[in-house]
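Hello,

Here is the structure I promised to pass on. Please open it first, then read my notes below.

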Amino acid sequence: MSELNNLTIAEARDALRKGETSATDLTMACLTAIDAADGLNAFVHKTPTLALEQARAADARLKAGDAPAMCGIPLGIKDLFCTKGVPSQAASNILSGFKPEYESTVTSKLFDAGAVMLGKLNMDEFAMGSSNETSCYGNAVNPWRRQGSNVALTPGGSSGGSASAVAADLCLAATGTDTGGSIRQPAAFTGITGIKPTYGRVSRWGIVAFASSLDQAGPMTKTVRDAAIMLQAMAGHDPKDSTSADLAVPDFEAALTGDIRGRRIGIPREYRMDGMPDEIEALWKRGTEMMRDAGAEIVDISLPHTKYALPAYYVVAPAEASSNLARYDGVRYGHRAKLAQGDGITEMYEKTRAEGFGHEVQRRVMIGTYVLSAGFYDAYYNRARKVRALIKRDFETVFAEGIDAILTPATPSAAFGLGEMADADPIAMYLNDVFTVTVNLAGLPGVAVPAGLDAQGLPLGLQLIGRPWEEGDLLNHAYVLERAAGFVSKPGKWW
């Protein structure tokens, strides 16, 4: 058997059930890999004692024959998920020292299924970023390098630590969250699979909020089959989350038939952006041919309001962020600034937030407060909400016409160098989300699948967008694309 930490969830599940390895050995292999990979800065709070305790409990369940698919599988948990007794900072100094007394619903479900937590993963502060350069822990680093270059690359964001850890085989899979592409973009940058489920499919309870009408948790895995297995364990109705859908969770793995004959795949003409690199265009064309060769019908479609998605998103998301982040005031938990004599509560709020929030979070809170303020609410926020409704209607129209899935690029480029865009106009960084934000605005499921390498040897991904609540169908389309692309490349180990 290969190095245990290199296994997929499906391979590890089968090996554990056959008794070919143990959860403890699997966990030790991952912990060893994590300790040797500090150069990636992916794991920011390691929990080896807890991991081995959970692994031993998983081994007992496996021995007793009471073993769900995720039993004994070592995972990394994004720092946005509250984990009982373990630092949960959302990569922000304002939550320094915060250890929740409760467990998020997603981590509870995974632990109930026997999964093992190796530690907490790096991310952009409060999930605000596309490059993992806004973290209080410092930058997470992509395990991939350009051919012949030692330049450190971004793993994408905000789930950059999750993507880096999975791509480098530090864990078998990881949790991520996606507000405007934060699972799919880093998955594409690191050559792994990431799915954002339909809004409401996975509980948001116990996940630190960024933009509540857009945030959705999902798995980041090595394969589509692994994504199906892990999503099964994460999904389900939660009475603690008022936006959680009371729907049965289907068997997503059983949906992977590999048969999409007669299915209609939409290719949106509006996603052919000016200045899109030739490599992205060629990859998209190749992906289209793969789907056609698998028996799908390719249909040219129109999503006319796509061009308004990015500006609408960057009004709605900061508006919700400014509301959500108002709770961080230095009163109850987290960081509190040292006050001068005579300072009152207003000064405490101001100094605490100035010290605790990073520049990108401050920027988005100010934008959000501005667009919600008297005199600007209708001009910005209300107008953005109307545009969002039109974007949602575009998708509904297309699906009503019999389209089963939509194929697009996942990102406008391969991974870029850390620092290459940080000092540029922030709008340039926001353009990384150009292909992904529509999915969040419409509440749809979307999956990124690695589909090839660029001229510099870096992974490129394609995105499939599905009908609401039909993640099984979407994953089956992704499974076909994955098999046709045959992506098996791994980053050369330099760390």
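A polar contact is a pair of N or O atoms within 3.5 Å; within protein, one must be able to donate a hydrogen and the other to accept it. Keep in mind that this is a predicted model.

Start with asparagine 5. Its side chain reaches the backbone oxygen of aspartate 169 at 2.8 Å. A second polar contact, of 3.5 Å, joins the side chains of asparagine 5 and asparagine 6. Asparagine 5 sits in the segment before helix H1 (9-18). With 9% relative accessibility, asparagine 5 counts as buried, because buried means under 20% relative accessible area. Leaving out residues up to four places away in sequence, asparagine 5 touches several residues, including Ala29, Cys30 and Lys222.

Next, the rings. The whole structure holds 16 aromatic pairs. One joins phenylalanine 189 and phenylalanine 416: the centres are 5.9 Å apart and the planes at 90°, so the pair is edge-to-face. Phenylalanine 189 lies in helix H6 (residues 184-190) and phenylalanine 416 in the loop between strand S9 (405-409) and helix H13 (426-430), so the pair ties together parts 227 residues apart in sequence. Both phenylalanine 189 and phenylalanine 416 are buried.

Tyrosine 377 and tyrosine 381 form a tilted pair, because their planes are at 55°, with ring centres 5.4 Å apart. Tyrosine 377 is partly exposed at 32% relative accessible area, whereas tyrosine 381 is buried at 14%.

Ring pairs also link Phe98, Phe126, Tyr328, Tyr333 and Phe357 into a cluster.

Last, two charges over rings. Arginine 145 lies over the face of tryptophan 494, 3.6 Å from the ring centre. Lysine 240 lies over the face of tryptophan 205, at 4.7 Å.

Best wishes

Definitions and conventions:
Residues are numbered from 1 along each chain as its sequence is written. This is a predicted model: local features need pLDDT of at least 70, side-chain atom pairs count only at pLDDT 80 or more; totals for chains, interfaces and linings use all residues. Side-chain values use heavy atoms; hydrogens and water are left out. Helices (H or I, at least four residues) and strands (E, at least two) are DSSP runs, numbered from the N terminus. Buried means under 20% relative accessible area, exposed over 50%, partly exposed in between (1.4 Å probe, protein chains only). Contact means heavy atoms within 4.5 Å. Rings of Phe, Tyr and Trp (its six-membered ring) pair if their centres lie within 6.5 Å; planes under 30 degrees apart count as stacked, over 60 as edge-to-face and the rest as tilted. A charge sits over a ring if NZ of Lys or CZ of Arg is within 6 Å of the ring centre and within 35 degrees of the ring normal.
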